[in-house]
Amino acid sequence: MTHVAIAIGGGQIDAVMVLNGLAIGLLLFVVASGLSVVFGMMDVLNLAHGTLFVLGAYIAVTFSAPDGSAWFLLAVGVALVGGSACGAALAVAVRPLVPRGHLVAGLGTFGIAIVIGELMQSIWGDGVRTVDAPELLQGSTSILGERYPIYRLFLIVAGVAFAVIVYLVFNRGRLGALVRAATYDREMLDALGVRTALVTTGVFGIGAALVTVGGVIGAPLFPAAPGLDLQILVLALVVVTIGGLGSLSGAFVGALLIGQVQSIGATLVPDLASMLLVGTMAVVLVARPQGLFATGGERQR
Amino acid sequence: MVRSDAGRRMLALTVIVLAAAVAGVGCGGSDSGGDGGDGVVKIGLLSATSGPLAAIGEEQNNGLRFYLSQHGDKLGGHPVELSEGDEGAAPNTAVAAARRIVTKEGVDVVVGLTSTATALAVKDITARAKVASIITSAGADELTEEGSEYVWRTHAPNNQQCGLASEAMLDAAEGGAFLTWFDSDTGRNCGDAVRTALEAKGKRVVGTAAAPLGTTDFQPYLAKIRQSKASVVFAFYAGSDGVAFMKQYVEFGLPDQAKLVASANMTEEPLLSATGDAALGVESVTYYAPGIENAANAKFAEPYLEEYGHSPNYAALASYDAAAVLDEALSTIDGDVSPQAIATALGKVGPIDSPRGTWEFNERHDPSQGFYVRVVKTQNGRLENVVTKDLGHVAN
């Protein structure tokens, strides 16, 4: 059994750590992509984003079964539908606030987040709820001399598949063209006769569905508990800030970067572990204040 | 003598009011005979009923209520009135709640205090108001360092309990011990206490790691444990972090390499059920386990399980004992209860026959008690902490 490792600083980085960073990073991409696109398109920072992730986690808790894997697909399906509905509702609720500026619209989503959060707590209680991976994906396997959970390998596969689909839809599909146009210059798109309200509501819904599904597939890793929504929101915000608000490629690079930072960083600089997230963001923003892949065409409002 | 009508009416009214007042006091006084009794005692239940520690706060309240339900809602012969405050998730909410129940509602004693941060903030308020508080969960050592007559604790101080965790680690420490905790003063002090105890017995510590609060992916830390080749691991995490740690410890195959000894909060309910089978075989050291066999526990553990659907954890037990302590203290107070009377009476409380065994307050007002090594096993169809070794009474 070969064991691949490099000794750096106070610890050893091994290949499995990098792999793990990839798994976490790809999950973060699924979660953060919706946040980034919605901001780029509607100028709304959806602060209910983390709450939707937790909703997905609780959906997984509800459907979770000790044997079999069918519950997993069911939970994902419910999350897709439920998440889209929540997203569309959020878009409709927040649209009247958009003309009043970022702060008001953002606060609107924050208020909705609190309400949904309390509702969830009254349904699922305030304790920690955990979920085991579906039976097919349970257990661990030997990778490069170390035991690694099969479920995390699944996350990598799912994440890569998602990234590929998103790339194709965005860059080759009509929907992608519409979204990019809406991000770049919505008034022009309106003038061309496209019902931008539908586009924005639709994309809001898709972004919300994605983060809710993210909550389902992330549930075996992130125990559902009060406070998780804020944790996820902060992670997603850091990712999109680093990547550049409105940019999907930015969200991708930012997510992978954060995944690696959290994975390797804890070993390289253990004393600074609590500051890794914010520290990375600070470093990136100093170098490029608008984020790594800022969307061009800043609209003047 | 008063001559006018109005004057006479005034005089008559005054006499009636005075007579009623004297009669009232007289009634109160004359009815109380024998041990304590009569005056209502107002207990302020201040614990986290919202936020990440809500599950513990709930257990604290349950423990005290359970004792009351077993004793006709009276302590020391005095009827009890409960006033509840939510500590919330941060010191500022706790301070507001404490002010309300101490100043506005005028409680005679405060019981609870879930987290160390809030306890530190609140104890100054209660001490200044000369109201005693009995801490049933917050574990930081500095809370009782002054030995103030207004601060009492029925829960073990962290550093003592952490140091004793080493007792469960000694038999597996040939390859060295790895210590890990959540990054904070509390975590670090605990880790240091374990290290001191291990090194005093000649065992090596081969590595340490502190993970930020809120860590969900422990792979980097588990990799570090693997690289250190330690044969025993001590972990101290709070809430869902602890659950994630124990699950991932198993997922990444660490049990093949090292035995896991966890701080007792990690293997207590409700976290134990949340962790599930990943907790099997994990050992911990603390002052209570539901399976302890003595007369007091026979009246506590099983009936509590029947009432609440899960076994009592340390917070429920500590609160149950807080009620028992108050029961004894209040039995020495006749008539009306005042906060100062309670504070003074607490100083005279003797050994308590508790479900944990017999214990009493030491000069710092922490419990002087015995400890047990426990391991998580499946028993009676559910996961339980089973006592494997009685460490006996530990001096502190």
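Helices (H or I, at least four residues) and strands (E, at least two) are DSSP runs, numbered from the N terminus. Keep that in mind as you click.

This is a predicted model, where local features need pLDDT of at least 70, side-chain atom pairs count only at pLDDT 80 or more, and totals for chains, interfaces and linings use all residues. Residues are numbered from 1 along each chain as its sequence is written, chains are lettered from A and ligands numbered from 1 in the order in which they are written, and side-chain values use heavy atoms, leaving out hydrogens and water.

**Stop 1: a tryptophan**

Select B:Trp152. You are in strand 6 (residues 151-153) of chain B. Is B:Trp152 buried or exposed? B:Trp152 counts as buried, at 3% relative accessibility. (Buried means under 20% relative accessible area, exposed over 50%, partly exposed in between, with a 1.4 Å probe and protein chains only.)

Now show its contacts, meaning heavy atoms within 4.5 Å. Not counting residues up to four places away in sequence, B:Trp152 touches, among others, B:Ile134, B:Leu346, B:Phe361 and B:His365. Next, find the backbone oxygen of B:Glu149: a polar side-chain atom of B:Trp152 lies 2.7 Å from it. Then pick B:Pro367. It is 215 residues from B:Trp152 along the chain, yet their C-alpha atoms are separated by 8.9 Å.

**Stop 2: the cores**

A nonpolar core is a set of buried Ala, Val, Leu, Ile, Met, Phe, Trp, Tyr and Cys residues joined through side-chain atoms within 4.5 Å. The largest one has 102 residues. Select B:Phe245 and B:Leu326, which have the most contacts inside it. Helix 13 (residues 314-330) of chain B gives the most to this core: 13 residues. For a second, separate core, of 75 residues, go to A:Phe53, A:Ala91, A:Ala133 and A:Val216, which it includes.

Return to B:Leu326. Its contacts, not counting residues up to four places away in sequence, include B:Ile43, B:Val109 and B:Ile342.

**Stop 3: the rings**

Rings of Phe, Tyr and Trp (its six-membered ring) pair if their centres lie within 6.5 Å; planes under 30 degrees apart count as stacked, over 60 as edge-to-face and the rest as tilted. The count is 27 aromatic pairs over all chains.

Select B:Phe182 and B:Phe236. They are edge-to-face, 5.2 Å centre to centre with 65° between the planes. B:Phe182 lies in strand 7 (residues 177-182) and B:Phe236 in strand 9 (residues 232-236) of chain B, so the pair ties together parts 54 residues apart in sequence.

Move to B:Phe300 and B:Tyr304. Their centres are 5.6 Å apart and their planes at 55°, so this pair is tilted. Both belong to one aromatic cluster, including B:Phe66 and B:Tyr320.

Key: A polar contact is a pair of N or O atoms within 3.5 Å; within protein, one must be able to donate a hydrogen and the other to accept it, and residues adjacent in sequence count only if both atoms are side-chain atoms.
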